[in-house]
Amino acid sequence: MLNRQGRPTSAGDGAITADTGTFTGNRALMQEEALIFESGRYETTGVDFDEPENFSPRLGDLEREGDIGLPGLSEPEAMRHFVRLSQKNYGIDTGLFPLGSCTMKHNARLNERMARLPGFADVHPLQPVSSVQGALELMDELSRYLVTLTGMTSVALSPKAGAHGELCGMMAIKAAIDAKGEGETRRTVLVPESAHGTNPATAALIGFKVKTVPADTDGTVRVQAVKDLIGPDTAAIMLTNPNTCGLFEPEIVEIAQALHDAGAYFYCDGANFNAIVGKARPGDLGVDAMHINLHKTFSTPHGGGGPGSGPVVLSQRLAPYAPVPFVIPGAEGLTLVEHEQYAEEKPFGRITAFHGQMGMYVRALSYMLSHGSDGMKQASEDAVLNANYIRAGLRGLMSQPFGDKPCMHEALFDDSWLKDTGVSTLDFAKAMIDEGYHPMTMYFPLVVHGAMLVEPTESESKSSLDLFVAAMRDLAQAAKRGETERFTGAPYHAPRKRLDETRAARQPILRWTPREPVREAAE
Amino acid sequence: MRYLPLSPDDRSEMLAKIGVDTIDDLFADVPAEKLLTEPLDLPRRKGEMEVERILGRMAGRNVAASTVPFFVGAGAYKHHVPATVDHVIQRSEFLTSYTPYQPEIAQGTLQYLFEFQTQVAALTGMDVANASMYDGSTAAGEAVLMAHRVTKRRKAVLSGGLHPHYADVVETLSHMSGDKVVSLPADPRADEDILAAIDDETSCVVVQTPDVFGNLRDLTKIAEKAHAHGALLIAAFTEVMSLGLVKPPGAMGADIVVGEGQSIGNSLNFGGPYVGLFAARQKFVRQMPGRLCGETVDAEGKRGFVLTLSTREQHIRRDKATSNICTNSGLCCLAFTIHMTLLGQVGLQRLARVNHANAVALADALATVPGVEVITGAFFNEFTLKLPKDAAKVVEALADKGVLGGVPYSRLAPDADCDDLLLVASTEVNTDDDRAAYVAALKEVLA
């Protein structure tokens with residue numbers, strides 16, 4: 001009755017089960033997409049403007065001549081191009097994104113809506129301060145939240161991302177050391193071998209020598225190992241807490257004390273702050289400076305690699321050296337200090353053109369207001385609970401490098417359980433793609449062989465974690481059973497098979513260029 | 001709490017599975033006396049409506065650019081961004097993805113980065129561009145460090161036409177790294193003798209065009225002198241739209257080009273996030289900072305894209321890296337790429353002409369106000385007025401009359417002895433009415 005058109009309603013005998021090619025190369029929703037330089041046209045534009053009347057340029061003799069080399073697309077073509085590209089991407093909204101150290105939590109759309117209010121998005125950084133009082137109020141309120149959550153004295157908001165925050169914090173330390181007349185002697189920064197690469201890179205950028213602190217056999221840094229390296233040349237330590245193995249540094253208070261006793265400073269990499277918000281305050285632990293990745297802990301979107309925001313909270317000892325600009329109360333509301341000579345304190349300078357990542361400040365404050373102090377504490381507890389739940393689900397099957405003990409917000413495994421299977425950490429990660437997951441962080445931290453760092457965040461439900469654990473167990477058992485093809489050829493179902501990174505680096509092609517016309521065969 | 005999926009029952013079950021009694025058992029490594037027992041002194045959770053009210057009130061205390069005659073520039077510019085741009089960058093797959101470390105499921109990001117790099121290289125007239133820096137000013141700082149690596153020298157010469165905030169960023173970084181900077185005095189009329197400042201110790205000379213006063217500068221002779229002394233020319237810009245109409249730095253001998261890309265695709269955002277553009281000659285590619293996206297093939301020979309030359313970067317090279325940058329301006333690059341793709345070169349050129357025509361019309365109109373002198377000869381969409389009064393006071397008085405008239409140079413550089421100079425920008429958003437309002441208000445303020 002329902003089907004009088006003769007349309008088959010079941011797969012039937014003729015159903016195609018083999019992986020057949022298609023004429024277009026497309027596979028249903030998975031569309032191949034050319035570069036705009038191949039599909040666009042030099043004479044096309046998707047934006048309508050009238051030519052100015054009576055155009056008489058005042059450009060001296062510096063007018064641009066000839067083609068720029070930028071093709072255009074009409075609006076429908078452009079929309080389709082970028083939507084098709086988007087469909088080749090995995091995001092948090094697609095599925096579980098357990099990328100350790102990156103805190104891929106839910107990005108609430110309320111925060112997007114707030115950041116787009118014209119009073120925030122359509123305001124220029126150099127408008128008269130009387131016309132931006134609400135913007136300064138927001139920065140002031142965000143500062144109050146950050147200072148309260150961390151137990152520190154003040155905050156420098158302007159760093160544009162985590163590594164920029166590290167740079168800001170280390171510059172404040174250098175300025176404090178210089179102010180004491182110790183700039184010539186205190187030239188060494190201690191960095192644990194498990195640290196993010198940005199830490200040693202930051203220290204080296206401003207002329208510090210980097211000395212590596214070995215990790216203990218349990219994945220943490222011992223105060224004795226730090227004391228062994230502290231000398232009159234020590235400027236600071238750069239220590240991540242919770243550390244990159246997902247562990248809270250148990251001797252952190254003693255480490256801070258040892259540094260302070262030696263006249264040195266404690267820089268804390270705050271990338272993993274999400275584990276302890278509302279549970280413990282870095283200020284109580286002896287930290288002098290710590291950046292906060294608003295794009296991790298406070299959920300401003302990662303956006304495919306940015307933009308981030310890396311405010312640095314400072315202890316009383318470093319607060320006077322915070323860079324310009326910053327907000328202070330003035331005679332008529334809030335005002336901005338934009339130049340060192342107008343500051344009562346001793347700013348070390350300026351690290352970016354304007355006031356930092358306002359768009360991220362709005363999103364982060366929206367997150368904080370939504371959660372409240374109770375919600376932020378709950379979020380940290382759930383993040384830690386979820387990581388331990390995964391750890392518990394996989395223990396016995398996948399090896400934990402530092403034994404079966406609780407972790408913070410991320411669970412670390414090594415590859416010793418894959419020994420003699422012919423499957424590497426990389427293979428295992430690529431097989432996770434086929435199961436619909438973004439792989440965990442792999443081969444980091446460097447102190448663990450074949451590391452797999454799993455950070456589920458608080459955004460995952462129990463049922464989501466249960467399915468993830470079941471999928472991971474199935475993969476792990478398959479690896480141990482010797483089903484290596486499931487791994488070494490993976491991913492099988494992604495828009496691309498494994499990509500040749502060696503080839504990309506050996507002969508770098510970093511931009512599109514017109515293809516050379518095919519030459520006639522040699523006569 | 002609406003963002004947290006676990007129920008109290010879930011939590012109990014999960015703790016049991018883990019094998020601990022309470023959540024604080026998982027925090028056992030935190031020194032007991034440091035574990036917070038009381039909630040912090042901040043408000044409790046709020047629903048969407050309450051948050052909207054609080055932030056809406058704050059936003060309402062700011063004057064949005066689109067609500068007034070608006071002529072503020074000096075490093076950030078009010079342009080119209082097509083609706084398509086904001087729609088696409090909010091797609092989940094772009095907004096909520098990470099740095100493309102797993103290229104098989106990040107071809108969307110990687111392909112637009114490859115397109116972005118190609119667009120930036122074409123615009124600047126350079127061989128290669130990276131996948132972005134934080135903003136124009138930090139890109140300038142990185143360019144100076146890169147020049148030091150290439151030349152193995154440590155002295156930078158900064159033009160007096162460079163945006164003072166950019167100069168401040170370079171000076172702060174150089175002071176900290178122990179490198180030398182020679183900053184020439186403010187140069188409103190673009191007549192400084194920068195050639196005389198270049199010697200055999202010079203690593204690089206940094207020149208902005210259009211400069212902070214709006215002057216277009218011919219870089220050709222500076223490049224020649226720099227190269228003759230073994231130094232590099234770093235060209236900077238704060239208004240990328242100028243490249244639709246003005247000779248690109250690559251055609252004038254620049255070795256590194258840095259600039260602010262905000263004007264294409266990105267809102268004013270009170271100063272950020274923006275997108276730093278960074279381009280260079282091919283031979284310097286292995287000294288470049290930041291991420292690079294490159295073309296390759298997959299196991300079936302299909303074209304694909306990956307992050308490449310990462311041995312330059314901090315996660316591999318650590319303290320020997322070319323930069324400490326990790327997170328950059330990904331989504332702002334996407335906005336840039338979409339807007340630029342919609343424009344195409346014909347759209348960009350036309351839009352640039354509209355900008356220039358509006359600025360010329362404004363300059364001519366303001367020049368009729370008694371006591372006002374336009375001191376910029378050749379410019380794109382920004383120029384400098386010499387006023388008979390303190391420019392900062394004039395700007396405040398104009399704001400009281402509902403016109404945001406520009407940036408007093410003294411706000412950027414209080415000690416430059418340029419208190420009477422006002423930087424004025426005009427873009428496609430300005431109308432005849434805006435211009436008339438500005439002229440009328442300025443006449444009253446100066447009367």
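A residue counts as buried when its relative accessible area is under 20%, and as partly exposed when the value lies between that limit and 50%. In this predicted model, B:Y98 has a relative accessibility of 7%, so B:Y98 is buried. B:Y101 has a relative accessible area of 34% and is therefore partly exposed. These two tyrosines form an aromatic pair. Their ring centres lie 5.9 Å apart. The angle between the planes is 50°, and the pair is tilted.

A search of the whole structure, over all chains, gives 14 aromatic pairs. One of them joins A:F298 and A:Y367. Here the centres are 5.8 Å apart and the planes meet at 75°. Planes over 60 degrees apart count as edge-to-face, so this pair falls in that class. A:F298 sits in the chain A loop between β6 (289-291) and β7 (312-314). A:Y367 belongs to helix α11 (residues 358-394) of chain A. The contact therefore ties together parts that are 69 residues apart in sequence. A:F298 and A:Y367 are both buried.

Aromatic contacts in chain A also include a cluster. Ring pairs link its members, A:W417, A:F428 and A:F487.

Charged side chains also meet aromatic rings. In chain A, the charged end of A:K174 sits over the ring of A:F208. The distance to the ring centre is 4.8 Å. A further lysine, A:K160, lies over the face of B:Y274. A:K160 is 5.9 Å from that ring centre.

Notes. Residues are numbered from 1 along each chain as its sequence is written. Chains are lettered from A and ligands numbered from 1 in the order in which they are written. This is a predicted model: local features need pLDDT of at least 70, side-chain atom pairs count only at pLDDT 80 or more; totals for chains, interfaces and linings use all residues. Side-chain values use heavy atoms; hydrogens and water are left out. Rings of Phe, Tyr and Trp (its six-membered ring) pair if their centres lie within 6.5 Å; planes under 30 degrees apart count as stacked, over 60 as edge-to-face and the rest as tilted. Helices (H or I, at least four residues) and strands (E, at least two) are DSSP runs, numbered from the N terminus. Buried means under 20% relative accessible area, exposed over 50%, partly exposed in between (1.4 Å probe, protein chains only). A charge sits over a ring if NZ of Lys or CZ of Arg is within 6 Å of the ring centre and within 35 degrees of the ring normal.
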